Amino acid sequence: MFDSLTISHNECVSQIVELADSISKEQAAKAFLSSLSARRLDWRSGIASHSIAKLMTPHTYTPAESGRSHKNGKVATVSYTCKVCRDLNRGVIGCKNYTNSDLNVLNFERFKWGGRLHGDLLYTLFDLKQLKKELIAELTSADTAILKGIFHTVDSCNRRFSRCAA
């Protein structure tokens, strides 16, 4: 189990950029591919977090309105996210501060669904930290066969849908 985490946006971004530089694309891909036959959803998650992290540059929190709630026709609350994070290619949610964040919930997400919270700054940090310390199994012929099956399925879908468009 993990202790709760309190961290600022700026420190979170700094750690993410540092982690992304210390984990190679090949390491993230190996974790994903090894997960196929091992059925380790937590290993799958890292490739998306790594991809998102490689788009990040060090920056400070820049607030941008992300939503409003109304009560009796008046604005009750306004929520904010970081404009720089939001404007990334994949749109990351970045809070100014994370206070006593429950990392156990993030870990559950990794194991149960392979990372349903991609695009959340804190999840990206947590996921990369876990990927960095994992001992990833060597690739097997089963991993390769599963990946080839995935590619075959995608290719057959593309052919099927292209006939429909004609």
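**Helix α5 and its surroundings**

The buried residues of α5 pack against β1 (5–8), α3 (41–55), β4 (97–101) and α6 (121–133). Buried means under 20% relative accessible area (1.4 Å probe, protein chains only). Packing rests on contacts, that is, heavy atoms within 4.5 Å. Helices (H or I, at least four residues) and strands (E, at least two) are DSSP runs, numbered from the N terminus.

This is a predicted model: local features need pLDDT of at least 70, side-chain atom pairs count only at pLDDT 80 or more, and totals for chains, interfaces and linings use all residues. Residues are numbered from 1 along each chain as its sequence is written, and side-chain values use heavy atoms, with hydrogens and water left out.

**Exercise 1.** Find the buried side of α5.

*Solution.* List the buried residues: Leu103, Leu106, Asn107, Glu109 and Arg110. The general rule: an α-helix has 3.6 residues a turn, so residues three or four places apart point the same way.

**Exercise 2.** Describe both ends of α5.

*Solution.* At the start, a side-chain oxygen of Asp102 comes within 2.9 Å of the backbone nitrogen of Asn104. After the helix comes Gly114, with a positive phi near 70 degrees.

Notes: Buried means under 20% relative accessible area, exposed over 50%, partly exposed in between (1.4 Å probe, protein chains only). A polar contact is a pair of N or O atoms within 3.5 Å; within protein, one must be able to donate a hydrogen and the other to accept it, and residues adjacent in sequence count only if both atoms are side-chain atoms.
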